[in-house]
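Let us read a structure together, one feature at a time.

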Amino acid sequence: MQNIVRYFSISTLALLLLMGCEVTDFDLQDNPNYLTPDSADPEYMLNEVQYLFQHYMKWMIINTDDVMRYEAMTDTYGDVVPTSVMDGSTSNEWDTYYEALNNVRTITALAEEDETLLFHSGIAKLLMGYMTVTMVDYLGAVPYSQAVNNAEFPNPELDGGAELYQMVLGHIEEAKDEIERANFEFSTDLFYQSDKDKWMAFANSLKLRMLVQARLASADIGVSNIQGEINALLSENLIDTNEEDFQWSYSTVQEPESRHQYFQRAYVSGFDQYIGNYFMFLLKESKSSPDPRIRYYLYRQSDEDPFSGPPYLPCQGDLDVDYCYIGDQYWGYDHGESRVGRGDNLLRTVYGVYPGGGSFDENQFVGAPSTTDNLGGAGILPLLTSSYVSFLRAEAALTLGTNGDPASLLEAGIRSSMDKVMNFGGVSSDLEPTSADVDAYVDEVLSDYANATTDEERLDIVMKEYYLSAFGNSMESYNFYRRTGYPSDIQVPIDDDDPVFPRSFPLSRLEVQRNLSLEQKNNYDKVFWDTNPDSFIK
């Protein structure tokens, strides 16, 4: 095992993390260079936890952007989410998680002896709780209670996903109590600038997200009356305005690399990925008029029509392809299209101004690396927003009978997303959508909802709007797709009518090799809250 110093200055940490460098192989064992309660500066440690947190969340979102059709998956599920012991693909995320866990444990230990660190401890518990829930949602069971304690547990064993959920719910309540009692601020709070009310809203919203996520297995997390639990939570302070959104903000700094990953992918040297045609079709064609967010989400690099000249797109004329080209210079690929490498990097559609900090589409038709009218990568990582909270509440109302009118919550979720996107980046253009455009979109969705005849049909509509609003955070879509099976019309891989959808991700390949307590799992293994049938989704 490599020994590295775990105590970074803010600038050094930013350099290591935001340039995308791999974290060292971390094998859950004690490192003599780890900070201990006797040697740690909690201010710097919590700052490091924030950087580790955003880095981890960014990676997890990238993992499922193509699985969830925001980007085109140009391979098979088995290649994207490997099934074999030798191909486990989550080592970077794994390492980052356990480095953060070590630091959080040190911060909380310090806070037990120093009441000036209560705010630090509360924030650390919430960030660690979100990371732990995400580990469970992606992997199932992971080492936790025995982790980073080599002296006593050289081969730490797995903790069950349901047990970890239950533990995090307890930590959220501890964090709320600590934040409430705290009299000293955290001076480098990169999320809420030590605003207690916003941290409390986040804590309650995270709890709501967990309860809805585990609603099919609520007894497993010790919740006997989930309807009553959620109803009680709805009377608390939740994220219900865009100003309270829990998000990470990027900058335009190149060294150390601090720009949004979407900007790095599309605006630096040429887009190596493809936007998913299913996602673009929903934005452009699924309503009477294009989605008002489309010019914010997507940027077209070229005005060439691939069907009017040489067959730039290999799918032309292929009857097995659902979309191939959806028109108006929106170049993408279908889900499962493997015919890549045609040198069209500067022709295909790329990420726009939201959330990646690129360009608003004003029909410039200039290759993204050549554009100058963009945000330079100063985008955001939308992690838990008021629109997501509204959709979660609508789902709970439909499936559990919790308080609130699902139609009103659906409308609130859409309008919150529209407001956030359309007010992002200071866009000023004659092509900006109007309030009438937004009203027409909302009216059409609500009309479809009113005409639905079952709660399942209504839930399908809610989840599709959640899917469209969750652009930039495919973790949300990956979770609710496994939980609900919606959107029901989501594109199946074009080369496989009966694929095995990855219901979870593999453990770290390196950790399986090092930790004698671990055995690799299959990508069709389901996490504890996923009680749906094996062939439920594709």
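**Pockets, cavities and a disulfide**

In this predicted model, α14 supplies the largest share of the lining of the largest pocket, with 4 residues.

Q: How do we look for empty space in a structure?
A: Rolling a probe the size of a water molecule over the atoms shows where empty space is left. Here the largest pocket holds about 370 Å³ of space.

Q: Which residues lie nearest the centre of the largest pocket?
A: They are Ser289, Pro290, Asp291, Pro292 and Ile294. The lining of this pocket has 18 residues.

Q: Which elements each supply at least two residues of the lining of the largest pocket?
A: They are α11 (294-297) and α14 (435-451). Of these, α14 has the largest share, 4 residues.

Q: How do the residues of this pocket lining divide by class?
A: Sort them into nonpolar, polar and charged. The lining of the largest pocket has 8 nonpolar, 2 polar and 8 charged residues.

Q: Now the cavities. How many of 30 Å³ or more does a search of the whole structure find?
A: A cavity is a space where the probe fits but cannot get out. The search finds 2 cavities of 30 Å³ or more. About 50 Å³ of space lies in the largest cavity.

Q: Which residues line the largest cavity?
A: Its lining is made of Arg209, Gln213, Leu392, Tyr466, Glu476, Asn479, Phe480 and Arg483. Two elements give two or more residues each: α7 (196-213) and α16 (474-484). The most comes from α16, with 4 residues.

Q: What classes of residue does the lining of the largest cavity have?
A: There are 3 nonpolar, 2 polar and 3 charged residues.

Q: How much space lies in the second largest cavity?
A: About 30 Å³. Tyr354, Thr385, Ser387, Tyr388, Ser417, Lys420, Val421 and Ser469 line this second largest cavity.

Q: Which element gives the most to the lining of the second largest cavity?
A: That is α13, with 3 residues. Both α12 (386-400) and α13 (406-422) supply at least two residues to this lining. By class, the second largest cavity has 3 nonpolar, 4 polar and 1 charged residues in its lining.

Q: Let us turn to cross-links. How many disulfides does the structure hold?
A: Look for a pair of cysteine sulfur atoms within 2.5 Å. The structure holds 1 disulfide. Cys315 is joined to Cys324, with the sulfurs 1.9 Å apart.

Q: What is the handedness of the link of Cys315 and Cys324?
A: Read the angle about the S-S bond. It is 80 degrees here, and the link is right-handed.

Q: Are Cys315 and Cys324 buried or exposed?
A: The cut-off for buried is under 20% relative accessible area. Cys315 has 3%, so Cys315 is buried. Cys324 has 6%, so Cys324 is buried too.

Terms used:
Residues numbered from 1 in each chain as written. Predicted model: local features only at pLDDT ≥ 70, side-chain atom pairs only at ≥ 80, totals over all residues. Heavy atoms only, no water. 1 Å grid on protein atoms, 1.4 Å probe; cavity = no way out; pocket = protein on both sides within 12 Å on 5 of 7 lines; lining within 4 Å. Points joined across faces, edges and corners; volume = space filled by probe spheres on them. Nonpolar A, V, L, I, M, F, W, Y, C, P; charged D, E, K, R; others polar. Buried < 20%, exposed > 50% of the residue type's maximum accessible area, 1.4 Å probe, protein only.
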